[in-house]
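Me: I have a chain open here and would like to go through it piece by piece. Can you take questions as they come?

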Amino acid sequence: MKLYFAPHTCSLSPHIVLRELGIPFELVKVDNQSKRTSSGEDFLTINPKGYVAALATDDGEILTEGPAIVQYLADLKPESGLAPANGTWARVRLQETLNFITSELHAGMAPLFNPALPVEVKTIFIEKLLRRLGQIETTLAGNSYLQGERFSVADAYLFTVLSWTRFFKIDLQQWPSIAAYMDRIAARASVQAALAAEEV
Ligand SMILES: N[C@@H](CCC(=O)N[C@@H](CS)C(=O)NCC(=O)O)C(=O)O
């Protein structure tokens, strides 16, 4: 199994999940500007969409799209509890949450990285993001993790995306439950190992 990643990006989420599961894998760094891997491969031949994360599975598939990758990985080891069984309401709720993170938070934040975005447009995106963070705060006020009292793949993804708020000077301390949650997730061995491995 190979995970194509770029530091400080959404590929951190499947990276954390791989470490949570204890599945052997190889990390392959991608330069998102040149679209070359660290060994000089043309990344566009691996993922023609040109973005991380991409997972090369042991049976020869290339899987892209973070929410699909983390669910595929969790299902390799159902006993991990990182995703509830398919066909249950708990799984549908997990998918609902992953979709919220990907479409409302991840896609809502992505334009803010564009230095050409006019400040008025940036303000509109930030205002919407702040409303969404308020909704996350409400969820986390009564739960240690997004799906209740158990860490799931959605937490790996939310942690990843919320860590970008530092680039936009959004102080997470204004939401006490989110701030405590970020500390809780950051303390996990999988997260610390993933962050350290991505800095090499
Ligand atoms: N829909 C994709 C989006 C992936 C994505 O936005 N990847 C970013 C990093 S967070 C990237 O590699 N961007 C480089 C590019 O689009 O050229 C997913 O959810 O996995």
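This is a predicted model: local features need pLDDT of at least 70, side-chain atom pairs count only at pLDDT 80 or more; totals for chains, interfaces and linings use all residues.

Me: What does UniProt place at residues 1-81?

Reply: The UniProt record, an unreviewed entry, gives the feature "domain: GST N-terminal" there.

Me: And how is the chain divided into domains?

Reply: Domain 1 covers 2-80 + 190-199, and domain 2 covers 89-187. Taken over C-alpha atoms, the centres of domain 1 and domain 2 are separated by 20 Å.

Me: How many residues are in contact between domain 1 and domain 2?

Reply: On the domain 1 side 11 residues, and on the domain 2 side 12 residues.

Me: Which elements give two or more residues to the domain 1 side?

Reply: H1 and H2. H2 gives the most, with five residues.

Me: What is that side like by class?

Reply: The side of domain 1 that touches domain 2 has eight nonpolar and three polar residues, and no charged ones.

Me: Back to H1. Is it mostly covered or mostly open?

Reply: Helix H1, residues 12-21, is mostly covered, with eight of its 10 residues buried. The buried ones are Leu 12, Ser 13, Pro 14, His 15, Ile 16, Val 17, Leu 18 and Glu 20.

Me: What about the backbone just after H1?

Reply: Gly 22 takes a positive phi there, about 70 degrees.

Me: New topic, H3 and H4. At what angle do they pack?

Reply: Helix H3 (residues 89-109) packs against helix H4 (residues 119-141) at about 145 degrees, and their axes are 10 Å apart.

Me: Left-handed or right-handed crossing?

Reply: H3 passes H4 in a left-handed crossing.

Me: Which residues meet?

Reply: From H3, Glu 104, Leu 105, Gly 108 and Met 109. From H4, Phe 125, Lys 128, Leu 129 and Arg 132.

Me: And how do the residues of that contact divide by class?

Reply: The contact of H3 with H4 has four nonpolar residues, one polar and three charged.

Definitions and conventions:
Residues are numbered from 1 along each chain as its sequence is written. A residue is buried if 20 or more other C-beta atoms lie within 10 Å of its own, exposed if 12 or fewer, and partly exposed in between; C-beta atoms are placed from the backbone. Helices (H or I, at least four residues) and strands (E, at least two) are DSSP runs, numbered from the N terminus. UniProt positions are given in the numbering used here, feature names are shortened, and annotations may be inferred rather than shown by experiment. Domain bounds come from an automatic or database domain assignment. Two residues are in contact if their C-beta atoms, placed from the backbone, lie within 7 Å. Ala, Val, Leu, Ile, Met, Phe, Trp, Tyr, Cys and Pro count as nonpolar, Asp, Glu, Lys and Arg as charged, and the others, Gly among them, as polar. Axes are lines fitted to C-alpha atoms, for helices over the stretch in contact, and angles run from 0 to 180 degrees between N-to-C directions. A crossing is left-handed if the near helix is turned anticlockwise from the far one by less than a right angle, and right-handed if clockwise.
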